[in-house]
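Here are some friendly notes to read beside the coordinates. Please keep the viewer open while you go through the points.

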Amino acid sequence: MTHIQISPGAVAPWDGRSVPERSGPGDGPPPNGAKGTGRGENLAGYLFMSPWIAGFLFLIAGPMVFSLYLSFTEYNLFEAPRWIGLRNFTDMFADPRWRQSVKVTSWYVLIGTPVKLAAALAVAMLLAQKRWGQSFYRAAFYAPSLIGASVSAAIVWRALFSDDAIVDRTQKVLGFEAGGWIGDPEMIIYALIALTVWQFGAPMVIFLAGLKQVPQELYEAAEMDGAGRRRKFFHITLPMISPVLFFNVLLETIHSFQIFGSAYIVSNGSCGPADATLVYTCYLYEQGFVNSRMGFASAMGWLLLVAVGLVTAVLFRSQKRWVHYEEGGR
Amino acid sequence: MSRNNGMDRRQLLKLAGLSAAGLGLTAAGCGSGSGGSGGPVTIRHAWWGADDRAKKVQQCVGLFEKKHPKIKVKTDFQQYPDFWKKFNTQAAGGNPPDVIQNAVTFLRKYEAKNVLLDLGPQAEKGNLDLGGFRSGLEKFAEIDGKLLGVPVGSNSMALVIDEKVYEKAGITPEAGWTWDDWYAALRKIKDGQKIAGDAGPYGVMYLYDLILRQNGKAFFTEDGMGFGEAELLPYWTEALERVEAGLYADPGKVEQIKPASATAKGLSAGEFTWDNFSVRYSAEGSSSYGLAPIPSTDGKKTGQYLGSLMLSGTARTEHPAEVATFISFMTHDPEVARIMGYDRGVPATTAQFEAFQPTDAPSKAIAAYETSIADAGVLEPITPHPAGADVIEAAFLRIGADLALGKTSPKDSVKQFFSEAKTALAAN
């Protein structure tokens, strides 16, 4: 039983009294009053947190509120913001480049996330077996995640997928005369997707942890009943790791929506060609910092927040259908 | 026995989801003040350009500090697009560099926002020497009686050509050749040499400006666009035909070699650009490169004007006198001319022009080209571009490339361009 134990001494600066309410009968410690959590200690706790609180208020909450205000204004950084109501939003829906950015981002999220997670799960399953040298393979497969988000990896990517570079030459050997992907508006998005799939290390590690938690006796029992590998995967592995899968889907989806650096660098700062890599944040950046339309950019930012929030909410709702929690989960 | 620890952490998940979703919304500008009284004064100088320019400017700054021990200069540089993003943010935050490299596209934009320093009073006080400029260049950046910048060099649009290809094709570009002559040359190059004749001029705003000027119009008026759909639609329709015919380089390939030049990389036999850029061609490519005259509509008028990079002060500087001293030094000192060469164009003052005697072929070609167009008497005055011109220039380039890639029809491209131009003029 590894349920998290909450003892009253460990919870300051929270109010110790809330603990018994939260834990089930007989599960937590007895409601023995708040020993050593007086006002002074509360204050000390908040004082220790104050750098974080100040940072949150002034660097996150403040700018967010301000950007919400800006999203209803026209603001070029130099003149005072001018209130224009919902015009930024109506302009956005009428803007073909904005629609293009939504299209590119959706495509990236819808293709990139599932492929990446499938790759992560497949490799995790290989690495979960007991074999000699597994820790080396784990490190090797994880490595791209450490460097994948870096500028240099994106620059290398641009070189790999250009004309006459390795990808183009491999294509030629296989009989496709398609040319480099970087200059091709139809193909460049797949170079970006390949870059994100390549960084499957982080979800892989989480999958690996999940796979290790699946009780072996379930497999043994299934084998006795004559279940094959497919059946075991779909009826034991997948349901057992569904909470981990959910966690990965959620994080990777949110992460994918925020793609910026790789699109910006692989396209050499143009988010092109022909707006083929104009991901949402790229367009937001261009409107804000190149075209000086900070109001419009703020409105775009808030719309992204709402969209990601909605997707997150839908994912949470969908849990009931496919995520199986042990221990009293719904 | 349960091994599913951590499965009950949905509260944590919710938090994680929310905070991750909230990323990317916050963008904050910040700045720090500089200054102080007594002792040496520090001014900040920023410019755009590549590493070689940075080395040269740095050398000039060292020289300046030696001659003016009371003034220290802190330097900073970026590539062109990044430079303006950074400057814009700094200026909005009230902390721009004291002296910046500047161009005509940005004068009205930042004048309207009170970012630029009027150098006129400094000239009156004798901190800034406005004597000895070639062909009236000292007035180049004067807008509504304010002196918003001082040119360091002048340049002009030119057709950079791969001389070997032109020679093999048997084409000698001469002053007075027309667009029809040029198109015929493109065809000859394509048929005989199996290479595109041009990198694709459809997105080069400064070239289209010349074509418009040859026809009595201009890209910009003082406060808006100087042309309409009636002019642009046929221009872009023909451009697309030439891309498809292979007269202009394959836009997909041009895209991939950026930021290198298509002509230097052998994708085309020529391209239109500023003449001072031609210095970099021999370093980037393996052929020999020359400068050819701009074709014209009537065989006479090329519509050309002297473009110019300049140095501007910023209005919030605490040291306007030192700023003026620095600009004066950079524009007049003969040693500076010998260090900079034609990196920012042909030096703007006679003293600097005479101090640098080019010995390398590209610089000699630039000097000859500048002299030839000055002698031909084709130069016209330039109107400072309206605020938002930089955004419009970028849109013209981008939409031109989209068109060439076949992603949008000429008609939609033209519509999109004027819609973005309208937004840019309104927003800036």
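1. Which residues in H4(A) meet which residues in H8(A)? On the H4(A) side they are Val104(A), Trp107(A), Tyr108(A), Ile111(A), Gly112(A), Val115(A), Lys116(A) and Ala119(A), and they meet Ile189(A), Leu192(A), Ile193(A), Thr196(A) and Val197(A) in H8(A). Contact here is between residues whose C-beta atoms, placed from the backbone, lie within 7 Å. By class, this contact has 10 nonpolar, 2 polar and 1 charged residues. The classes are Ala, Val, Leu, Ile, Met, Phe, Trp, Tyr, Cys and Pro as nonpolar, Asp, Glu, Lys and Arg as charged, and the others, Gly among them, as polar.

2. A word on the ground rules. This is a predicted model, in which local features need pLDDT of at least 70 and side-chain atom pairs count only at pLDDT 80 or more, while totals for chains, interfaces and linings use all residues. Residues are numbered from 1 along each chain as its sequence is written, with chains lettered from A and ligands numbered from 1 in the order in which they are written.

3. Back to that helix pair, for its geometry. Helix H4 (residues 96-128) of chain A and helix H8 (residues 188-198) of chain A have axes that come within 9 Å and cross at roughly 35 degrees. The axes are lines fitted to C-alpha atoms over the stretch in contact, with angles from 0 to 180 degrees between N-to-C directions. Helices (H or I, at least four residues) and strands (E, at least two) are DSSP runs, numbered from the N terminus. The crossing of H4(A) and H8(A) is right-handed, a term for the near helix being turned clockwise from the far one by less than a right angle, with anticlockwise being left-handed.

4. The axes of helix H16 (residues 389-404) of chain B and helix H17 (residues 410-427) of chain B cross at roughly 165 degrees and come within 10 Å. H16(B) is therefore roughly antiparallel to H17(B) (under 35 degrees is roughly parallel, over 145 roughly antiparallel, 65 to 115 roughly perpendicular and the rest oblique). Among the residues making the contact are Ile392(B), Phe396(B) and Ile399(B) of H16(B), and Phe417(B) and Ala421(B) of H17(B). In all, 10 nonpolar, 2 polar and 2 charged residues take part.

5. Now the domains of chain A, with bounds from an automatic or database domain assignment. Domain 1 covers 8-88 and domain 2 covers 92-322, and their C-alpha centres lie 32 Å apart. Across the boundary, 11 residues of domain 1 of chain A are in contact with 10 residues of domain 2 of chain A. The largest share of the domain 1 side, 3 residues, comes from H2(A).

6. Chain B is also divided, into domain 1 (41-88 + 96-152 + 306-376) and domain 2 (157-303). Here 13 residues of domain 1 of chain B are in contact with 10 residues of domain 2 of chain B. Helix H15 (residues 361-376) of chain B gives the largest share of the domain 1 side, 8 residues.

7. Finally, confidence. The model scores ipTM 0.76 and pTM 0.80. Mean pLDDT (the predictor's confidence in each residue, from 0 to 100) is 85 for chain A and 87 for chain B. Please take care with residues 1-31 of chain A, where pLDDT stays under 50, and with residues 1-37 of chain B, where it is below 50. Where pLDDT is low, the predicted coordinates should not be read in detail.

How values were computed
Two residues are in contact if their C-beta atoms, placed from the backbone, lie within 7 Å.
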